[in-house]
Amino acid sequence: FEKTLKSALAQTYPNVEILVNDNSTNDDTENLIQKYLGDKRLRYFRNYKAKSKEENFIPFEKQARGSLLQWCMDDDILAPEKLKKMVPILRDNPKVTLVTSQRNFIDAEDNVIYDPVLKHKLDLKGECNGLTGYWAGYNTLTESANFIGEPSATLFRREDLKYHYWRAESKGLYTISDVAMWLELMEKGDLVIFRDPLSSYRRHK
């Protein structure tokens, strides 16, 4: 978690709000975060009522003050320039509803590893590539592969996401909640994907 937090605090985009919801069963996270709370970008909440990951995600949308939103899993890593590159895409392109990048897969020691599960390989020509929402959604479904990425990889406008899919999982319904969110967003607009990884997804053995 501390590595994740440091990567969020290291963002080169200046206007960032970092929310931490802690549903730990011990005080380790609360004790660790004390040395960072002097940073005005950081807001910490102890979420005692949340009994699952999904329940712990639900408050973020109400707590957040900004117009753009991304979730960051507590073991993933963000590249320092992630938001600096992604924010202008949504700011300047109203037809774009989702921004992402290819991502690295890392192990427990931060080593980049090969991902045998990701079947979909995009042929991205430039640094920044635009795809229609229809094409991206169609290929996500037909290939049965989430090439858009996990929540840590993306950025979107809060107002564009109507349904809260984390709540479905917390009620015991089976869904791949991030893919469901991406499909809703791509029904409303287009996707931009950066060729170079701007986040790292940690895969545990």
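Student: How many of the 205 residues count as buried, and what makes a residue buried?

Tutor: Of the 205 residues, 50% count as buried. Buried means under 20% relative accessible area, exposed means over 50%, and partly exposed is in between, with a 1.4 Å probe and protein chains only. This is a predicted model: local features need pLDDT of at least 70, side-chain atom pairs count only at pLDDT 80 or more, and totals for chains, interfaces and linings use all residues. Residues are numbered from 1 along each chain as its sequence is written, and side-chain values use heavy atoms, without hydrogens and water.

Student: Why is Arg-202 called buried?

Tutor: Its relative accessibility is 8%. Buried means under 20%, so Arg-202 counts as buried.

Student: What makes Arg-202 and Asp-110 a salt bridge?

Tutor: A salt bridge needs a side-chain nitrogen of Lys or Arg within 4 Å of a carboxyl oxygen of Asp or Glu. Here N to O is 2.8 Å, so the pair counts as a salt bridge. The pair links distant parts of the chain: Arg-202 is in strand 10, and Asp-110 is in the loop between strand 6 and strand 7, 92 residues apart. Helices (H or I, at least four residues) and strands (E, at least two) are DSSP runs, numbered from the N terminus.

Student: Why is Asp-110 called partly exposed?

Tutor: Asp-110 has 34% relative accessibility. That lies between the 20% and 50% cut-offs, so Asp-110 counts as partly exposed.

Student: How do you know that Lys-85 forms a salt bridge with Glu-127?

Tutor: Their closest N and O atoms are 3.1 Å apart. The cut-off is 4 Å, so the pair qualifies. Lys-85 lies in helix 5 and Glu-127 in the loop between strand 6 and strand 7, so the pair ties together parts that are 42 residues apart in sequence.

Student: What puts the buried residues of helix 6 on the same side?

Tutor: The buried residues are Gly-133, Ala-136, Gly-137, Asn-139 and Thr-140. They cover an arc of only 165° around the axis, which puts them on the same side of helix 6. The arc is that of the directions from the helix axis to the C-beta atoms. On the other side, Tyr-134 and Leu-141 are exposed.
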